Amino acid sequence: MSESLKIAVPSKGRLKEQVEQYFWDAGISIAQDGAARGYTGGRLKNVPNVDVVFMQAGEIPANLESGAIHLGVTGQDLLREKIANPGAVLQEILTLGFGYAKLVVAIPKSWIDVDSMADLEDVAAIMRHKRGSRMRVATKYINSTRAFFAAHGIADYRIVESLGATEGAPNSGAAEIIVDITSSGQTLRDNDLKILPDGVMLESYACLAGSITAEWSDAQKKALRHILDMIGARAEAKTRKLIRFEGKDKDAQKISEKLIADYGCLKGTIPQAIYAPHKKIYDITLALRAAGFGTVSATDVDYLFTDPNPLYEGFTQALDR
Amino acid sequence: MTLSALTDYDEQMLTELAATAGGLLSHFAEAGFVRVEPPMIEPADVFLDRSGEEIRRRTFIFSDPAGAELALRPDLTIPVCRHYVRAGGDRLSYSGTAFRVPRAGAEAQFTETGIEWFGEADKPRADAEVLALTLNALQAAGLGAAPVTMGDIGLFHAFVDTLDMPERWRARMKRRFWRPSEFATLIDNLAEDGTPIPQSGAQAGGGFVAALAALDDVEARRAAVSDLLALADVKPAGGRSAEDIAERLLDQAEDRAADALSPAIVERIHAFMAINGPVTEALDQLKALETGAKDSFARAVRDVTARLDALEARGVEPGAISFASTFGRQMDYYTGFVFEVRLDGLGPLGQIAGGGRYDRLIGDLGGDDVPAVGAMIRPERLIRALKGGA
């Protein structure tokens, strides 16, 4: 029985590239074993005891649910779609800032009289009454669609499971409307579809999720801490600049405490240095100037490690429950 | 989740089940019902066409090797009705297994024992007969007085038809019968400004609708819509023609121009929806809502009376029965009388029996429309209840 932590990442496509970029950026690149195109395993550079498993993004949720893997990177839309009660079996540890998409209800542009889910319910009822058969909704997101339509009181419809390009269904006559994932909405527009303003079901990002049902040994928790420390430190560092200024220790201490309190800065390694939220550096510079500290520099931070690591603490607490 | 809801039946359970179901079936047999056993597997469309995604989510659907979509029957009423379409017979009974995707403590696999009665033109009498048979069968099995809730979907429809409002509003009200909070919202919207769906000027159709509403003439409105659709180069898509779209826009314009529902009507609606209590009291409240006209509502109220009289004639005390104007069973095909026997304190497992009238189902299933009413009992739940809910 392998003692390694198992982490699943998408095996192909843009999402795979973005995940690889993310891990490289965090200093723990994914190194693939075997032939470049094969779906074999891999490991994380610089992190011992980790097996990287490549699989289809759509299969990752089920593996997290069963505990076959400890960690997985996949879309929030897939977690919600594939798992009935995601909170009971996994925790979304961190959203990763890429892979953004919206799950939306999209209808033909020509339906100029339909602007809301309430209008849609009306149209569906009339369609059933007139035609005798139900309005068809083409989608891959069966569970999410059912839940959303039920919440809006629409019962007069049938789901037609989409195997290919969902957005082509209304034009080909396979369905009347669709529920699909979109980022810019361009593909929908290209197919003469429009998004209902209150038909945005979910806004989804790629996220790193941890399985609560998996068995976690001490060695695996150690590997988890390592990964979360690196990822967390990189994510935190990206939101901050290191601000340095000249001055006597006592004066510097005083102004630092004020900046920490007023601007949410983190204490630096010396009184003349603080880690500032990058949006606030000009405000902080003005405050320093006003206090007589004229020359201020701001530089990037590569990693900002905190102890405890809230990502790790949050997840292990979920495990203990 | 499904697997954990499936249980083994041991010898004791099997014996009790056979005895209980057998007892119910003989009771039905004495009343002339003949037993049938339709297939456990049917084409999935048979259930899904009738009931949409709500039922689909609870139904076990699978494909055969040729790719045809099949389903394990989630209940026996539809399969028995299909049998009737194939083979006839007016009084059919059944006792067999049904399957549902389990939710919230309910079973995945269970027995339904029941009856379906086709072709009896005296509907209130048939309704009462079916309810009486069910209650007497439960009593014979050892269940004491059990709370019965009754409703009537046809009565609700007839009531809505007495309300002085555009037909399209009546249609909306009837659709929302199943969802009390949305029904309340609809009435509130209509009472506020006569628009069922609040239209904001910001929405694409909204501004145009406001302009349409300002035109007095129906012909002018129709012409304006045609022009707009031509301008927008609207190609019919998604099964809706330009005519369909125009019709709804015109409806929306009329809604805008229409007066809000009068307080008197709103009060009448609330009075009807509030009827919920012992059936004799409910009947008085219903009669109080009659307008004196010999309309379908008056007829429907007379049917409720006739049903009660027939029940009393069969020895069923009205005291145990309550009537709720908003009571409906979650099956799309009921058209009139509906009832349920539910024991308190057992959660979803408390529903021991239920049934109702479904006059359009046979026509829907490919036969000729025929009056149809039925009821089913859940023997496993009955056994559990008799043992004290263990």
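Leaving aside residues up to four places away in sequence, A:K16 touches A:P10, A:S11, A:Q32 and A:F54. The model is a predicted one. A:K16 is part of helix α1 of chain A, which covers residues 13–25.

With a relative accessibility of 14%, A:K16 counts as buried, the cut-off for that class being under 20%. One of its neighbours, A:Q32, is also a polar partner: the side chains of A:K16 and A:Q32 make a polar contact at 3.4 Å.

## Other helical positions in chain A

Helix α2 of chain A, residues 60–66, contains A:A62. A:A62 is partly exposed, its relative accessible area being 44%. From A:A62 to A:Y141 the separation is 79 residues in sequence, and their C-alpha atoms lie 15 Å apart in space.

Helix α9 of chain A runs over residues 218–238 and has 21 residues. Its end C-alpha atoms are 30 Å apart, in agreement with the 30 Å that this number of residues should span at 1.5 Å a residue.

## Helix α2 of chain B

In chain B, helix α2 comprises residues 11–30, a total of 20 residues. From first to last C-alpha, α2(B) reaches 28 Å, close to the 28 Å expected at 1.5 Å a residue. Its buried residues are B:L17, B:T20, B:A21, B:L24, B:L25 and B:F28. Viewed down the axis of α2(B), these buried residues fall within an arc of 130 degrees, so they line one face of the helix. On the other side of α2(B), the exposed residues are B:E11, B:Q12, B:A18, B:A19 and B:E30.

The packing partners of the buried residues of α2(B) are both strands and helices of chain B: β1 (34–35), β5 (91–99), β6 (109–118) and β12 (372–377), together with α5 (123–140) and α16 (379–386). After α2(B) comes B:G32, which has a positive phi near 95 degrees.

## Helix α14 of chain B

Helix α14 of chain B, residues 296–313, has 18 residues that should span 26 Å at 1.5 Å a residue; the 25 Å between its end C-alpha atoms agrees with this. Among the buried residues of α14(B) are B:F297, B:V301, B:V304, B:L308 and B:L311, as well as B:T305 and B:R307. Just after α14(B), B:G315 has a positive phi of about 85 degrees.

## Contact between chains A and B

The size of an interface is often given as the accessible area lost when the parts come together. Chain B and chain A bury about 2,700 Å² between them, with 45% of this on carbon and sulfur atoms. Chain B contributes 36 residues to the contact and chain A contributes 31 residues.

Between the two chains there are 11 salt bridges. One of the salt bridges joins B:D244 to A:K130, with the closest N and O atoms 3.4 Å apart. There are also 9 residue pairs in polar contact between chain B and chain A, both residues being at pLDDT 80 or more. On the side of chain B that touches chain A, two or more residues come from each of α3 (44–56), α7 (167–175), α9 (204–214), α10 (218–231) and α11 (242–257) of chain B. α3(B) gives the most to this side, with 9 residues.

Conventions
Residues numbered from 1 in each chain as written. Chains lettered and ligands numbered in written order. Predicted model: local features only at pLDDT ≥ 70, side-chain atom pairs only at ≥ 80, totals over all residues. Heavy atoms only, no water. Helix = DSSP H or I, 4+ residues; strand = E, 2+ residues; numbered from the N terminus. Expected span 1.5 Å × (residues − 1). Buried < 20%, exposed > 50% of the residue type's maximum accessible area, 1.4 Å probe, protein only. Arc of directions from axis to C-beta. Contact = heavy atoms within 4.5 Å. Buried area = accessible area lost by both parts, 1.4 Å probe. Salt bridge = Lys/Arg side-chain N within 4 Å of Asp/Glu carboxyl O. Polar contact = N/O pair within 3.5 Å; in protein donor to acceptor, adjacent residues only side chain to side chain.
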